[in-house]
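Hi everyone, thanks for making time for this. Please have a look at the picture first.

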Amino acid sequence: MAEWIDLLDPDEAELRKATPPQIHARALEQLLRPARHDDEPRPRLEGHDHYIFGVFLVPVCIREDDRVFYQEVDVVITHDVLVTVSKTPPGEHPYDPRPTRESCRTDDSAGMMFYRLVDDIAEHYLDLVDELDAEIDELEDNVETAPAAMTRVRLSELRHDLLHIRHTLAPTRDAIRRVVDNVVEVTEGEEVFPHDVEVAFNSAYDKLLRAFDGLELSRDLIASVRDYLQSKVSNDQNEVTKKLTALASMLLVPTFIVGLYGQNFRHHFPELDWQWGYAWSWALIVVTTIAQLVFFKRRKWI
């Protein structure tokens, strides 16, 4: 029966006790390196002489705070032992492998246990893509009512998250593909990934492919919302221009009338000597203004 050893932020003594004695110095250095925000290692899976070493990132989406962080899980696998090293992200909680470990069967090999761990990581990526799509849908629904500047900032944040997820999901997918293709294996001792384990890894690989395809769809959705926002901003500017033009037109006729009657005439101008000439000019201004107002209202320009 295989053994699953789970370590949380271990020191060097704990690591050397749990891992193979011939573990490479570079792998040990990576296992001891603390987790950092925005400086996560690239996910990978490497076959060494007597063991297989891997680095994986588990995405966690916090919808309430509109953010995504990653939990690093490093693995060392032999035929009989799976060692997982969970690291605590700054200010966050580490990955808890206990639910996955409890789902393992008594006759599972270390390779099969590792498959169940990877399958759970793939589920996290699928959940993340679903949360991302829900956030984009909510953003699209609020484009008409939310301030354009706030929507633009959120789109930029989502695009940044999307690129970061892509940079972690793609190498994770490629690493699992190497297991499916029987590329990763120990060179000495009993094999870690026999044929039945490689077949099981097809399921995890399929989930990672679906997550990657969903990520591409999310990118298209973000582009669609961005184009819609730009179109809305352009339409709003056109409406403002239309209203300003209508107001300027309403002032143009009264200005013309006032300018006409304000000229100095050398010859007789009947309305200047007319008793109701002043009232006539005011009536003309009011009537033409009301006529324009009615016209613009019917055309919905104002």
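Let's start with the largest cavity: helix 4 supplies the largest share of its lining, four residues. Before I go on, a word on the ground rules. This is a predicted model, where local features need pLDDT of at least 70, side-chain atom pairs count only at pLDDT 80 or more, and totals for chains, interfaces and linings use all residues. Residues are numbered from 1 along each chain as its sequence is written, and side-chain values use heavy atoms, with hydrogens and water left out.

When I say helix or strand, I mean DSSP runs numbered from the N terminus, with helices being H or I of at least four residues and strands being E of at least two. For the spaces, we work on a 1 Å grid over the protein atoms alone: a cavity is a set of points where a 1.4 Å probe fits but cannot get out, a pocket is an open set with protein on both sides within 12 Å along at least five of seven lines, and lining residues have an atom within 4 Å of a point. Grid points are joined across faces, edges and corners, and a volume is the space filled by probe spheres set on the points.

Back to that cavity. How many cavities of 30 Å³ or more does the structure hold? There is one, and the largest cavity has a volume of about 80 Å³. Its lining includes Cys61, Arg63, Asp66, Leu128, Glu131 and Arg154. Strand 4, helix 4 and helix 5 are the elements that give two or more residues to this lining. By residue type, the lining of the largest cavity divides into five nonpolar, no polar and seven charged. Here Ala, Val, Leu, Ile, Met, Phe, Trp, Tyr, Cys and Pro count as nonpolar, Asp, Glu, Lys and Arg as charged, and the others, Gly among them, as polar.

Now the open spaces. The largest pocket comes to about 220 Å³. It is lined by 14 residues, and Asp38, Arg67, Val68, Phe69 and Asp161 are the closest to its centre. Strand 4 (67–77) and helix 5 each give two or more residues to that lining, with helix 5 providing the largest share, five residues. Eight of the lining residues of the largest pocket are charged, three are polar and three are nonpolar.

The second largest pocket holds about 170 Å³ of space. Among the residues that line it are Arg159, Leu162, Arg166, Leu215, Glu216 and Arg226. Here helix 6 (195–261) and helix 5 are the elements giving two or more residues, and helix 6 has the largest share, six residues. This lining has five nonpolar residues, five charged and no polar ones.

Staying with helix 5 (residues 148–180), that is where threonine 168 is found. Is threonine 168 buried or exposed? At 4% relative accessibility it counts as buried; buried means under 20% relative accessible area, exposed over 50%, and partly exposed in between, using a 1.4 Å probe and protein chains only. Beyond its neighbours within four places in sequence, threonine 168 is in contact (heavy atoms within 4.5 Å) with Pro43, Leu57, Tyr70 and Tyr125.

On to the rings. Rings of Phe, Tyr and Trp (its six-membered ring) pair if their centres lie within 6.5 Å, with planes under 30 degrees apart counted as stacked, over 60 as edge-to-face and the rest as tilted. By this rule there are five aromatic pairs. Phenylalanine 114 and phenylalanine 201 have ring centres 5.7 Å apart and planes at 45 degrees, so that pair is tilted. Because phenylalanine 114 lies in helix 4 (residues 110–141) and phenylalanine 201 in helix 6, the pair ties together parts that are 87 residues apart in sequence. Tyrosine 115 and phenylalanine 201 make an edge-to-face pair, 5.6 Å centre to centre with 70 degrees between the planes. Ring pairs join Phe56, Phe114, Tyr115, Phe193 and Phe201 into a cluster.

Last, the backbone. Most residues other than glycine have a negative phi. Aspartate 9, not a glycine, has a positive phi of about 45 degrees, and asparagine 182, also not a glycine, has one of about 60 degrees. Aspartate 9 sits in the loop between strand 1 (3–8) and helix 1 (12–18), while asparagine 182 is in the loop between helix 5 and helix 6.
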